Structures are given as structure tokens and as C-alpha cells.
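Please have the sequence and the 3D view open.

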Amino acid sequence: MEKGKSFSEYLFVKMGPGDRGPKTTEDRSAPVDPTGAMKWLIENKLLVITLGAVITGIALGFGLRPYNLGPDALIVISYPGELFMRVLKLMILPLIIASLIAGSASLNAKMSGKIAVRTLLYFILTSMFNAFLGVVLAMLIHPGQPELREDFEGVLENRSDHSILDNILDIGRNIFPDNIVQAAFQQAHTVYSEPKGLFAKNATENNTVLVREISYRAGTNTLGIVFFCLIFGSLLGTLGPKGQVVIDFFQAIFEVIMKMVTGVMWFTPVGVSSVIAGKILGVDNVGHVISQLAWFIATVAVGVFLYQLIIMQLIYFVFLKRNPYKFYWGLSQAMLTASATASTAAALPVTFRAMEGPLRIDSRITRFVLPIGCNINMDGTALFLAVASIFICQMNNISLGFAQLATIFLTSTAASVSSASVPSAAMVLLLVVLAAVDAPAHDVSLLFAVDWLVDRIRTTNNMLGDCYAAAVVEHMSKKELMATDSASMEPTVANGVLPTSSTEVEIAATTPAKESVASDVVIDMHLNNI
């Protein structure tokens with residue numbers, strides 16, 4: 001009885017005076033929760049500040065153009081943005097490694113295979129749709145006019161020797177690197193060079209065909225690292241308790257990186273403003289260039305926003321039966337970062353923060369899908385390649401039949417998969433698509449003048465495609481995820497002895513004075529047929 005009395009007194013104390021009856025006076029010292037617009041501003045203060053930074057960067061860029069600033073001034077203005085980009089890129093490699101190993105280790109091999117198939121199928125289908133959409137819009141709007149070539153001078157030589165076959169083979173070489181340390185800072189790619197040997201000089205004079213060579217260029221081979229980490233994590237998850245210490249190690253690395261991201265986010269407004277202002281000031285004649293290529297920019301923008309605001313939202317609604325625009329709004333901060341940096345990989349830390357934070361997507365899915373998506377899912381790039389290749393063909397009065405359009409559609413899809421998630425990577429791949437339809441490659445130089453703008457438009461599609469893929473794959477994998485959760489919660493058998501059928505549990509409560517108050521409670525746990 002003494003224990004029961006103490007426990008009832010403890011409950012009465014915890015209820016407080018407010019639960020004994022209505023208050024006679026109002027406690028005016030309590031803080032008043034903000035409502036309406038003020039509450040929204042407080043919850044989204046970083047997003048509002050970043051939007052203001054985007055507007056400030058645009059205004060600063062156009063406002064300083066009449067002063068014809070020298071190169072030193074441009075470097076100073078772009079310097080905060082350069083540091084911001086360097087910090088974001090610094091976190092990409094440890095983030096990808098830690099997220100993939102920890103994510104794939106938390107899933108069994110069978111489930112990892114199912115998720116991988118669903119993810120790759122989603123990426124391929126959406127890339128094909130974007131390439132098809134680009135072909136349709138370019139043929140309907142017809143942005144290319146022959147007179148545009150008179151206003152620009154070509155600066156690129158024709159590199160038709162680099163084929164789509166080389167790109168596909170290079171993908172395989174990068175997926176299976178021969179040195180994982182080298183993969184951290186170099187990528188394999190095919191180059192064409194003069195034959196080396198005793199008769200090389202005479203052979204060159206006789207116009208001998210150049211030979212293929214496998215070379216290495218600077219840049220992280222993320223495809224190889226992703227593949228290695230997926231296999232490593234999947235096998236690590238099969239080791240049981242022996243591998244748990246390694247899983248905890250990579251999980252801790254991921255959490256540390258995400259804490260670093262939280263701090264870097266407050267530097268976003270300064271970095272974004274600096275990047276945008278520096279890009280605008282770096283273009284020679286921004287007004288003339290945009291006016292001349294306005295129809296090309298408009299075609300790409302219409303395709304990007306049509307897919308982003310309608311098609312992508314329909315996909316989300318059909319699969320999840322939820323309001324897709326709430327999900328879209330939750331990715332605003334990541335979209336601004338991806339647009340400012342023109343890189344899906346650079347925005348990956350921010351994307352993780354949004355997906356696993358407010359949007360509450362299962363971390364096992366995000367850590368599996370997002371790193372893969374930022375390397376092979378380039379929806380905006382597929383659309384851009386299709387529009388740009390048809391645009392150049394139209395400028396050169398090249399008639400495109402069904403066979404040529406089908407070639408552009410297929411090569412744009414294939415080339416987008418091999419695109420690196422770095423700024424202006426699609427310009428190199430455009431040469432491959434043009435070579436497939438025998439279009440002049442030197443006219444690619446026209447698009448370099450506006451690629452700084454178009455790249456920022458299409459990168460948002462690449463980033464959003466990864467996020468929507470994660471949401472759809474999570475919904476399609478609900479049963480497997482629940483099965484994994486239930487398997488991890490099953491009672492374990494210790495030394496071959498099952499738990500007893502009746503367990504006596506003493507429930508203890510702690511009062512504010514830290515005095516232990518216990519009640520005699522006996523819980524009869526019937527374990528049926530364990």
C-alpha cells in the first residue's frame with residue numbers, strides 16, 4: 001500500500017494544478033506562439049534569406065556591369081562563391097561513401113537488388129521521357145535560325161571522332177576501376193592520338209586513322225566509388241555482429257558530415273549571391289547573347305518547367321496519392337543550391353538534409369538512391385541535349401527525318417547517363433550527339449555563351465528527379481522495409497534458451513526530486529509458438 005500511495009501522489013504531482021480545475025487567472029508570462037505569415041517566415045527563414053540572396057546577386061551583377069570592372073574586382077566578387085563551392089565539394093566524397101555503405105548495409109542483399117532495379121528503371125524511363133520531350137518541343141518551337149551563325153564565331157573544332165560507343169565503354173571502365181584510390185581523383189576516358197612507333201611519322205603523313213587510347217583526366221570517378229561502396233556495404237550487412245562496428249563507424253561519419261552541412265547552410269546566402277553576380281559579370285554581352293538565343297533558352301525552360309511542375313507532380317500523385325506540391329516546396333532550399341552551383345553533386349549535402357529532415361523519407365532509401373542518382377540520373381541534361389542538337393541542325397538547314405530524330409532521342413538518353421554532375425558537362429556530350437547525325441560540331445561554341453544560364457535551369461530537374469525517385473521507390477518498397485524492420489525486432493534466443501512465458505516487471509517512476517517511486521505490477525506475457 002505504501003508504494004501504491006506514493007505512486008498515486010506522484011501522478012497527482014505530474015498532473016499539475018492546471019488539471020485540477022479551470023484557471024482563475026491567465027498566465028501572461030507564457031510566450032505567445034506566432035501564427036500566420038510570421039510563423040511561416042520563422043520556419044523558413046533560411047529559404048527566405050537565400051531567395052533574397054538570389055535577387056541580390058542578380059541585381060549586383062547587372063548593376064555593376066556598366067562600370068566595366070577589372071579582373072581583380074571580378075575575382076574578389078566571386079571569391080565567397082568559390083569558397084562556398086569548395087566547401088560543398090569537400091563534403092561530397094565522404095558523404096557518398098558513408099551514406100552508401102551505411103544505407104546498403106542496413107538492407108539485405110535481396111532487398112538491395114530490388115531497390116536498385118526499381119531505381120535504375122525509374123531513372124532510365126524518366127531520362128527517355130525527357131529526351132522525347134526535348135525532341136518534340138524543339139520541332140514545334142523551331143528555335144534554330146540560319147542567320148544566328150553570322151553573329152558568332154566558332155571556336156571549337158569538329159570532334160566527331162569521339163563516338164557514343166566510346167562513352168558507353170568509358171562508363172564500364174569507370175564503374176569497374178582498377179585502383180580505388182585513383183578513382184577518388186581521376187576518371188578513365190577514351191582519347192584519339194597519333195600512332196606511336198617506328199613508322200609513326202610516315203603513317204601520319206599518309207593520313208592514317210588515329211588510334212584509341214585509354215587515358216585519365218582529373219575528376220572524381222564517382223561511378224566507380226558508388227559501385228564499390230554498394231558491394232562493400234551489401235556484403236558488410238551479411239556479417240552480422242562482426243560487421244556492426246564498421247557500420248556504426250560509417251554511420252557516425254555520415255552524421256558528422258550532416259552536422260557540418262547544417263553549419264554551412266548559413267553561408268549559403270553569401271555564396272549564392274557571389275556565384276550569381278560573378279557569372280553575370282563574367283559574360284561579355286549578356287543582353288545581346290540572351291536576345292539572340294532567346295528562343296533556344298525558352299525552349300529548354302519550357303521543357304524543364306513542364307516536366308518539373310506537371311509531369312513530375314503527376315508521377316508523385318499517381319504513386320503516393322498525396323499532394324505533390326508540398327513535397328516540391330520542401331525541396332526549395334536544395335533547388336536554390338543546385339541552381340546556384342549548377343551541380344547536383346554540390347547540392348547533395350543540402351538534398352540529404354531536406355529529404356531526411358522535413359520530408360521524412362526513409363534514410364535507407366535516400367542513402368541508396370540519392371548518391372546513385374546524382375551520377376546517372378540527368379533528366380534535364382537529356383532534354384537539353386535533344387533540344388541543343390536539333391537547334392544546331394536547324395541553324396545549318398539540316399533536314400531531320402524520323403531516323404535522325406530517333407538517333408538524337410537514343411543518343412541523348414545514353415549520353416545523359418554518362419554525364420558528370422559538374423557544371424557544363426553536357427556541352428562535351430553534345431559533341432557526341434551531333435556526331436551521331438553528322439551535324440557540324442563547331443557551332444557548339446554558340447551555346448557556351450548562354451550555358452551558364454541554361455545549366456542552372458536544367459540542373460534543378462536533375463536534382464528533383466533524384467528526390468522524386470527516392471519518394472517513389474520508398475513507396476514501392478514499403479513491404480520490404482516493413483519486413484526488414486520486423487525481422488530486426490524479432491526476439492533473439494540467448495544461448496539456446498527462449499524467453500519465459502511469464503515475466504515480472506517492476507515499473508519505476510522518478511519524481512522531480514529524483515526519488516524512485518515503484519509500483520508492483522506483474523505483466524503476464526504470453527509468447528505463442530515462438
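Over which residues does pLDDT stay under 50, and how many contacts beyond four places in sequence does the model have for them? The stretch is residues 492-530, and the model has 40 such contacts for it. Here pLDDT is the predictor's confidence in each residue, from 0 to 100, and a contact means heavy atoms within 4.5 Å.

Residues are numbered from 1 along each chain as its sequence is written, and side-chain values use heavy atoms, with hydrogens and water left out.

Now for the wider picture of confidence. The protein has a mean pLDDT of 77, and 76% of its residues reach 70 or more. Among its elements, the lowest mean pLDDT, 38, belongs to strand S6 (residues 522-523), and the highest, 93, to helix H12 (residues 294-320). Helices (H or I, at least four residues) and strands (E, at least two) are DSSP runs, numbered from the N terminus. Where pLDDT is low, the predicted coordinates should not be read in detail.

Let's move to helix H12, where Leu-309 has its place. Leu-309 counts as partly exposed because its relative accessibility is 32%; the class lies between buried (under 20% relative accessible area) and exposed (over 50%), with a 1.4 Å probe and protein chains only. Together with Val-302, Phe-305, Leu-306, Ile-310 and Leu-314, Leu-309 makes a nonpolar surface patch of about 470 Å².

Finally, look at the rings. The structure holds 13 aromatic pairs. In one of them, Phe-228 and Phe-232 have ring centres 6.0 Å apart and planes at 25°, so the pair is stacked. Rings of Phe, Tyr and Trp (its six-membered ring) pair if their centres lie within 6.5 Å; planes under 30 degrees apart count as stacked, over 60 as edge-to-face and the rest as tilted. Both Phe-228 and Phe-232 lie in helix H8 (residues 222-236), four residues apart, about one turn of the helix. The rings of Phe-249 and Phe-250 are edge-to-face, because their centres are 5.2 Å apart and their planes at 75°. Phe-250 is buried at 13% relative accessibility, whereas Phe-249 is partly exposed at 48%. Ring pairs link Phe-228, Phe-232, Phe-249 and Phe-250 into a cluster.

Key:
Predicted model: local features only at pLDDT ≥ 70, side-chain atom pairs only at ≥ 80, totals over all residues. Patch = residues over 30% accessible without salt bridge, like charges linked within 9 Å, V, L, I, M, F, W, Y side chains within 5 Å. Areas by Shrake-Rupley, 256 points an atom, 1.4 Å probe, with all protein chains shown as cover. Salt bridge = Lys/Arg side-chain N within 4 Å of Asp/Glu carboxyl O.
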